[in-house]
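Hi,

Have a look at it first and then read on.

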Amino acid sequence: MDITEATRRALIERVAGSVILHADELTSLDQAIGDGDHGINMKRGFEAVLTDLDRLAAMPLPEALQAVGMTLVMKIGGASGPLYGTLFMELGKSLPDVPGFADVTIAFEAAIAAVKRRGKSDAGCKTMLDVLIPVLETLKSGQPGSAGRLPAVAAAAAEATRPMKAVRGRASFLGDRSIGHVDPGARSSALMISAICKTLEAAA
Amino acid sequence: MGNVGIVIVSHSPDVARGTADMVRQMVGEEVPLAWCGGASEGGLGSSVEAIAAAIDRAWSEKGVAILVDLGGAELNSEMAVELLPHERRGKVVVCNAPIVEGAVIAATEASGGASLDEVRRTAEELSPA
């Protein structure tokens with residue numbers, strides 16, 4: 001699929017817009033089980049991305065993703081910076097300029113592996129990976145219409161972190177008390193997946 | 001070649017500065033030392049740019065040991081190390097140790113001329129197994 005400059009611009013605007021719009025919700029989720037800064041940190045990072053929108057949208061897709069990742073690393077200021085920064089930078093490293101469906105799946109798998117290494121984490125630890133991994137598995141299933149199901153898969157996966165016990169990050173200090181709350185990183189990942197899928201669907 | 005440098009990275013500039021004060025007072029001046037704390041635009045947090053600058057200030061050809069407080073400071077420090085020029089990358093380690101005690105004990109070890117690996121091991125002996 002050829003992701004034009006207009007589509008790249010829409011992708012950046014919609015992903016950043018969704019995160020910024022939900023900043024208060026992300027912060028309140030993080031106040032329950034973390035240090036209460038996820039919303040404000042993510043908002044700061046994506047506002048910095050938006051100030052660079054013209055330049056980013058004009059870049060080829062791989063370079064744009066790497067530049068977004070680097071901005072997130074530099075501006076978010078919490079653990080989410082290196083984690084989301086790594087996700088975007090690795091996607092940029094792995095995707096060709098004009099990716100097909102198989103390229104997206106391969107790049108997403110590589111990016112998730114990089115996030116696992118960065119966070120020393122994996123599925124079931126009540127993190128963003130608990131959304132990203134089910135999304136990857138849906139992509140890999142290759143069933144017709146699977147791309148259209150991704151926002152619902154991501155939303156359900158975020159909700160499924162509620163009964164999990166955190167074993168990574170600040171939330172792990174809470175032990176059993178982390179149970180009963182949706183993970184803020186899982187929620188922000190679901191928001192981004194949804195914004196990306198809906199933008200690409202509208203552009204197709 | 002000098003002594004191993006110490007970098008202190010906290011979410012709070014006050015904690016980082018206070019830890020650095022303790023190191024200077026208890027260990028002395030012979031260890032290169034730098035600290036940073038807080039997000040890039042103020043408030044609690046950690047900044048990759050500030051960590052990279054602190055590594056530069058505490059640079060020693062013998063290497064630099066970083067002491068961190070919480071997860072974000074650890075991940076941002078690891079990121080900062082990865083973004084270093086290739087020839088410096090292998091000479092910087094993030095210690096798995098409590099920030100205040102770790103910084104003092106690491107600096108004590110460093111001031112005696114210990115290698116980067118010895119400095120790290122000494123600091124990490126403070127961590128529960």
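One definition before the helix pairs: an axis here is a line fitted to C-alpha atoms, for helices over the stretch in contact, and angles run from 0 to 180 degrees between N-to-C directions. Also keep in mind that this is a predicted model.

With that in hand, start with chain B. Helix α5 (residues 99–111) of chain B and helix α6 (residues 116–124) of chain B have axes that come within 8 Å and cross at roughly 145 degrees. The crossing of α5(B) past α6(B) is right-handed. On the α5(B) side the contact uses Gly102(B), Ile105(B), Ala106(B), Glu109(B) and Ala110(B), and they meet Glu118(B), Val119(B), Thr122(B) and Ala123(B) of α6(B). Sorted by class, the contact of α5(B) with α6(B) holds five nonpolar, two polar and two charged residues.

As for the rest of chain B, there are six helices and four strands. Going from the N terminus, the order is β-α-β-α-β-α-α-β-α-α. Of the 129 residues in chain B, 51% are buried. If you take the contacts in chain B between residues at least 6 apart in sequence, 75% of them join residues at least 24 apart. The accessible surface of chain B is about 5,700 Å², and 51% of that belongs to carbon and sulfur atoms.

One loop residue in chain B that I looked at is Asn96(B), which is found between β4 (92–95) and α5 of chain B. Buried or exposed? Asn96(B) has a relative accessible area of 55%, and anything over 50% counts as exposed, so Asn96(B) is exposed. Leaving out neighbours within four places in sequence, Asn96(B) is in contact with Glu124(B) and Ser127(B). Asn96(B) and Glu125(B) are 29 residues apart in sequence, and their C-alpha atoms are 9.1 Å apart in space.

Now for chain A. For 204 residues a compact globule would have a radius of gyration near 17 Å, and the 16 Å of chain A agrees with that. The C-alpha trace of chain A spans about 45 × 40 × 30 Å along its principal axes. Buried residues are 53% of the 204 in chain A. Among contacts in chain A with a separation of 6 or more, 67% come from residues 24 or more positions apart. Chain A exposes about 8,600 Å², with carbon and sulfur atoms supplying 58% of it.

There is a helix pair to look at in chain A too. Helix α3 (residues 38–51) of chain A packs against helix α10 (residues 184–203) of chain A at an angle of about 35 degrees, with the axes 11 Å apart. The crossing of α3(A) and α10(A) is right-handed. From α3(A) the contact takes His38(A), Met42(A) and Phe46(A), and from α10(A) it takes Pro184(A), Gly185(A), Ser188(A) and Met192(A). By class, the residues in the contact of α3(A) with α10(A) are four nonpolar, three polar and no charged.

Last, the loop between α7 (101–119) and α8 (129–141) of chain A, where Gly124(A) is found. Gly124(A) counts as partly exposed at 42% relative accessibility. Not counting residues up to four places away in sequence, Gly124(A) touches Asp130(A), Met164(A) and Lys165(A). Gly124(A) and His38(A) are 86 residues apart in sequence and 20 Å apart from C-alpha to C-alpha.

Lys120(A) and Lys126(A) are in the loop between α7 and α8 as well. Phi of Lys120(A) is near 50 degrees, a positive value in a residue other than glycine. Phi of Lys126(A) is positive too, near 65 degrees. Which of these is buried? Lys126(A) is, with a relative accessible area of 2%, whereas Lys120(A) is partly exposed at 44%.

Cheers

Key. Residues numbered from 1 in each chain as written. Chains lettered and ligands numbered in written order. Predicted model: local features only at pLDDT ≥ 70, side-chain atom pairs only at ≥ 80, totals over all residues. Heavy atoms only, no water. Helix = DSSP H or I, 4+ residues; strand = E, 2+ residues; numbered from the N terminus. Left-handed = near helix turned anticlockwise from the far one by under 90°. Contact = heavy atoms within 4.5 Å. Nonpolar A, V, L, I, M, F, W, Y, C, P; charged D, E, K, R; others polar. Buried < 20%, exposed > 50% of the residue type's maximum accessible area, 1.4 Å probe, protein only. Areas by Shrake-Rupley, 256 points an atom, 1.4 Å probe, with all protein chains shown as cover. Rg over C-alpha atoms; globule rule 2.2 N^0.38 Å.
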